[in-house]
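This report describes helix packing and aromatic contacts in a predicted model. The sequence and structure are shown below.

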Amino acid sequence: MTTTTTENPPTPPEESGNSRRSWLREHSELGVCVMLLALGVLVLTDALTMDVDIAQRGPIGPKTVPVVVGIGLLVVAVLLAVDVLRGGRGEAEGGEDIDLSEPADWRTVLLLAGVFLGAAVLIEPLGFPIAGALLFWGAAYALGSRHLDRDPLIAAGLSLITYVVFNNLLGVPLPGGPLMGVL
């Protein structure tokens, strides 16, 4: 009596390119680690090369927060890399509050980008109170608010409050523009 056995055909050896791609795909979170590491090095380099002779008023100066943030970024990058290499995986987005089948709303994104760029260009000639009001009102409009009677007033109030808090209370000078003598 003869018995027939069915053997699996030999599997071809994996090509090194395919295995490398699959390893990178499985460990794609390492890209975030690299980005955090680069950002941490950039922040630390910028903070440590900062010239602070004029602004130094005590033992804690303008370098302190950027150095702490840079070190924090490096620590988080290393801890995340260790977690990913040990098999940790990020949780996939559940999409509970968004419809993933809908396309991106590029109109809103472009409107917001235009508002931010416009505010950045206008802050020097017009000053923060006016450019900030345009920024707040433009952002509200881009995000869907259509109260054309109320939104500009709220935006002007927010901008003036922000200007007074930063300029007068915190001592962070913001450009006043034509309103410099009034405020």
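## Packing of H2 and H3

Helix H2 (residues 30–48) and helix H3 (residues 64–85) have axes that come within 8 Å and cross at roughly 160 degrees. Angles over 145 degrees count as roughly antiparallel, and H2 and H3 are therefore roughly antiparallel to each other. The crossing of H2 past H3 is left-handed.

On the H2 side, the contact is made by Leu30, Val32, Cys33, Leu36, Leu37, Leu39, Gly40, Val41, Val43, Leu44, Ala47 and Leu48. H3 contributes Pro66, Val67, Gly70, Ile71, Leu73, Leu74, Val76, Ala77, Leu80, Ala81, Val84 and Leu85. The residues of this contact of H2 with H3 comprise 22 nonpolar, two polar and no charged.

## Packing of H5 and H6

The axes of helix H5 (residues 128–142) and helix H6 (residues 151–169) also come within 8 Å, crossing at roughly 135 degrees. H5 and H6 are therefore oblique to each other, and their crossing is right-handed.

Phe128, Pro129, Gly132, Ala133, Phe136, Trp137 and Ala140 form the H5 part of the contact. By class, the residues of the contact of H5 with H6 are 12 nonpolar, three polar and one charged.

## Aromatic rings

One aromatic pair is found in a search of the whole structure. Separately, Arg146 is placed over the face of Tyr141, at 3.9 Å from the ring centre.

Terms used: Residues are numbered from 1 along each chain as its sequence is written. This is a predicted model: local features need pLDDT of at least 70, side-chain atom pairs count only at pLDDT 80 or more; totals for chains, interfaces and linings use all residues. Side-chain values use heavy atoms; hydrogens and water are left out. Axes are lines fitted to C-alpha atoms, for helices over the stretch in contact, and angles run from 0 to 180 degrees between N-to-C directions. Helices (H or I, at least four residues) and strands (E, at least two) are DSSP runs, numbered from the N terminus. Angles under 35 degrees count as roughly parallel, over 145 as roughly antiparallel, 65 to 115 as roughly perpendicular and the rest as oblique. A crossing is left-handed if the near helix is turned anticlockwise from the far one by less than a right angle, and right-handed if clockwise. Contact means heavy atoms within 4.5 Å. Ala, Val, Leu, Ile, Met, Phe, Trp, Tyr, Cys and Pro count as nonpolar, Asp, Glu, Lys and Arg as charged, and the others, Gly among them, as polar. Rings of Phe, Tyr and Trp (its six-membered ring) pair if their centres lie within 6.5 Å; planes under 30 degrees apart count as stacked, over 60 as edge-to-face and the rest as tilted. A charge sits over a ring if NZ of Lys or CZ of Arg is within 6 Å of the ring centre and within 35 degrees of the ring normal.
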